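Here are some short notes to read beside the model. Please keep the structure open as you go through the points.

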Amino acid sequence: MAEGPTTGSTVPRRQLGRHLKELRNRARLTVRAAAVKLEWSEAKMWRIETGQTPLRALDVQAMCVVYGAAPDLTKALMGLAKETKARGWWHAYGDLIPEGFDLYVGLEEAATSLYSYESDVVPGLLQTDGYAREITRTHYPEMSDDDLNGRVQLRIDRQALVTRVTDPPELRVTLAETVLRRPVGGRAVMAAQLAHLVYVSELPNIAIRIVPFAAGAHLGVVSGPFVILRFPVNGDGVATEPPTVYADGYTGGLYLDKPREVDQYETAFAGIWDAALDEQASRRLISEVAGSYREP
């Protein structure tokens, strides 16, 4: 089991990107205007400001000159740039990490709580090897066996944060009943997967609720799947990172951290949570469906 969070360069990249975006806005420069002055592409500017890429200290210095930043702030941001090159454990998987997903893995490692809703599949943090293998093979049908094994192992390794000894994050997971009923990988795979859900639902930092078919229309039908990530607070009670919503899609993920957007998803999660069965009733339903997969 992991001993504690290892966020790699994710948090420093996000922090640096926000500082540089704020400086650009204070200088009253659009992304395009700043890109022209720096002789960079707008795409590079976007990657920097959203924390998608590490930065050299000299690049940060060039941006600070264009934005008219004070020398002491420039020096501090150049120091922060050096931290954007730190590598998390997941970088050992190289090209097996989906494009852009390394940002999410780093945020996941840094989070103190993750509240999620899933309508179709078991979330990656709670998948068994067999279930993860079937989902991955469906998503990447042309993938070699070696790459498939690596991608599945990456998903399993991510799960260490759930049971780590030091400060494991709080997980609140809501699943549509469809997730239990869809026979991913066949009866044996589903029986094992649902048994695993029963097991992890009894861990002190994990709560799982099922939204039954009988609940009818609820906010999850409108919102689609999402995860709300919250982060540690510093000595002043201020979060080290802003709450972030992650919505995974077929072609990539969407990150939202504007307060209005986060509030909307928090309202959605609260509605879904209330529409779901409580934890005990959910555990009974999961066990019941697991039993149906074991029957001949």
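1. How many bridges join strand β2 to β3, and do they run parallel or antiparallel? Six bridges link β2 (residues 170-176) to β3, and the two strands run parallel. Leucine 175 is placed opposite isoleucine 210 of β3. Bear in mind that this is a predicted model.

2. Stay with β3, residues 206-211. Six of its six residues are buried, so the rest of the structure largely encloses this strand. Ile206, Ile208 and Ile210 point one way. Ala207, Arg209 and Val211 point the other way. Both sets are buried, Arg209 included.

3. Now look at glutamate 118, in strand β1 (residues 113-118). Glutamate 118 is buried but has no salt bridge. The nearest side chain of opposite charge belongs to arginine 182, 7.4 Å away. A salt bridge would need the charged atoms within 4 Å. Beyond its neighbours within four places in sequence, glutamate 118 touches Pro123, Thr174, Leu175, Ala176, Val179 and Pro225. One of these contacts, Leu175, is the leucine that stands opposite isoleucine 210.

4. Turn to helix α2, residues 31-38. Its buried residues are Ala34, Ala35 and Leu38. Viewed down the helix axis, they fall within an arc of 100°, so they line one face of α2. Residues three or four places apart in an α-helix point the same way, because there are 3.6 residues a turn. On the other side of α2, Arg32, Val36 and Lys37 are exposed.

5. What do the buried residues of α2 pack against? Their partners are α1 (10-26), α3 (42-49) and α4 (57-67). After α2 comes glutamate 39, with a positive phi near 60°.

Technical notes: Residues are numbered from 1 along each chain as its sequence is written. This is a predicted model: local features need pLDDT of at least 70, side-chain atom pairs count only at pLDDT 80 or more; totals for chains, interfaces and linings use all residues. Side-chain values use heavy atoms; hydrogens and water are left out. Buried means under 20% relative accessible area, exposed over 50%, partly exposed in between (1.4 Å probe, protein chains only). Helices (H or I, at least four residues) and strands (E, at least two) are DSSP runs, numbered from the N terminus. Two strands pair if DSSP finds at least two bridges between them. Lys and Arg count as positive and Asp and Glu as negative; His and the chain ends are not counted. Contact means heavy atoms within 4.5 Å. The arc is that of the directions from the helix axis to the C-beta atoms.
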